[in-house]
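Here is a briefing for a reader who is new to this structure. Take a look at the model, then follow the points below.

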Amino acid sequence: MQENASEEIPGAISPGRFLRNWHGGPIAVPQHLKGFGGLHGGLALALLTAAMQEKAPGVELVSVTGRFGRTIDAPLRITTELTHAGRSSTIVSGRAESDRGPLLDSWAVFAPSGGDVSWPEVSIPIPEVPGPEECEPFAIPKEFVPITTSMEIRPVGSSRPYAGGEEAELVAWVRLVEDDSPPDVLRFVFLMDALAPSYAAVLSTLALVPTVELTVRPGAGLAKASSPWLLLRATTRQAATSGWSVEWIDAWDAAGAHLGSAQQLRMVRTG
């Protein structure tokens, strides 16, 4: 893989604008926003989050989960349903589908930002790593994963996808190249799926490791983020010989605040 800085595609809609300007559908899948074959999984989940948020005004995202059924490579429609509206939480379900059937099913938990009681906060400290300006850019060929032209990825350490390493972990600084804004909740959901599968770090031959289920949980630090950069640490904590694996992802901003976490259920696809 070549190591050059990412570049934007002139005239193409950016991921941030794509999320801000979503509509009920049918929504086309731009070629430059695709991941492995179809619409990038994290971007698709962020798109559903934007739609579900409209059913939960005035509250904040606590957790969102998406289950991917098919490659999202056709114009899609989004439907949402308010399934629970209580004083402490609101739950909304959503679905993206095309003429072929369901593509992505999702549900989100929302809650008020404050309360009468202030409970102790627990967060994960940022690992000791060089800053993004000290790390070299790493570009994935756009013919392989087109959406990476919208990002800048700067790996930390020597671990790389499909390099046959000893540890199933990838660590990198990531940002969108469209502007210098810190991540809002929709960008955060999207960027938590920005890295290659960490399981790929122990593979020595190319094999797709698609997401079956993705859960993203923003942390308290996200509202205070002041930099466009996120440090992502993705670690496969469990993998079976059948090809199923479980990945945990943590994110921090450049000031060291923990921004939240994510979990992915993945499987190796050989055919």
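In strand 10, histidine 258 is the bridge partner of tryptophan 252. The model is predicted. The points below start with the sheet, then turn to one glutamate, the pockets and the cavities.

**Pairs around strand 4**

- Strand 3 (residues 90–98) and strand 4 run antiparallel and are joined by 9 bridges.
- A hairpin links strand 3 to strand 4 through 2 residues.
- Arginine 95 stands opposite aspartate 105, which is in strand 4.
- Strand 4 (residues 101–111) is also joined to strand 1, by 8 bridges. These two strands run antiparallel.
- Opposite leucine 61 stands phenylalanine 110 in strand 4.

**Glutamate 152**

- Glutamate 152 sits in strand 5 (residues 151–155).
- Is glutamate 152 buried or exposed? Its relative accessible area is 13%, under the 20% cut-off, so glutamate 152 is buried.
- The side chain of glutamate 152 makes a polar contact with the side chain of arginine 154, at 2.7 Å.

**The largest pocket**

- The largest pocket has a volume of about 1,100 Å³.
- This pocket is lined by 32 residues. Closest to its centre are Glu60, Ser113, Pro218, Gly219 and Ala220.
- Which strands each supply at least two residues of this lining? They are strand 1 (60–68), strand 7 (211–218) and strand 10 (258–267).
- By class, the lining of the largest pocket holds 16 nonpolar, 11 polar and 5 charged residues.

**The second largest pocket**

- The second largest pocket has a volume of about 660 Å³.
- Its lining is made up of 32 residues. Nearest its centre lie Phe36, Gly41, Val209, Pro210 and Thr211.
- Strand 7 and strand 10 are the elements that give two or more residues to the lining of the second largest pocket.
- That lining divides into 20 nonpolar, 8 polar and 4 charged residues.

**The cavities**

- How many cavities of 30 Å³ or more are there? The count comes to 3.
- The largest cavity has a volume of about 110 Å³.
- Residues lining the largest cavity include Phe138, Ile140, Ile153, Pro155, Leu170, Val171 and Ala172. Ser159 and Arg160 are also among them.
- Strand 5 and strand 6 (169–176) each supply at least two residues of the lining of the largest cavity.
- Strand 6 gives the most to this lining, with 3 residues.
- The lining of the largest cavity has 10 nonpolar residues, 1 polar and 1 charged.

Terms used:
Residues numbered from 1 in each chain as written. Predicted model: local features only at pLDDT ≥ 70, side-chain atom pairs only at ≥ 80, totals over all residues. Heavy atoms only, no water. 1 Å grid on protein atoms, 1.4 Å probe; cavity = no way out; pocket = protein on both sides within 12 Å on 5 of 7 lines; lining within 4 Å. Points joined across faces, edges and corners; volume = space filled by probe spheres on them. Helix = DSSP H or I, 4+ residues; strand = E, 2+ residues; numbered from the N terminus. Nonpolar A, V, L, I, M, F, W, Y, C, P; charged D, E, K, R; others polar. Buried < 20%, exposed > 50% of the residue type's maximum accessible area, 1.4 Å probe, protein only. Polar contact = N/O pair within 3.5 Å; in protein donor to acceptor, adjacent residues only side chain to side chain. Pairing = 2+ DSSP bridges.
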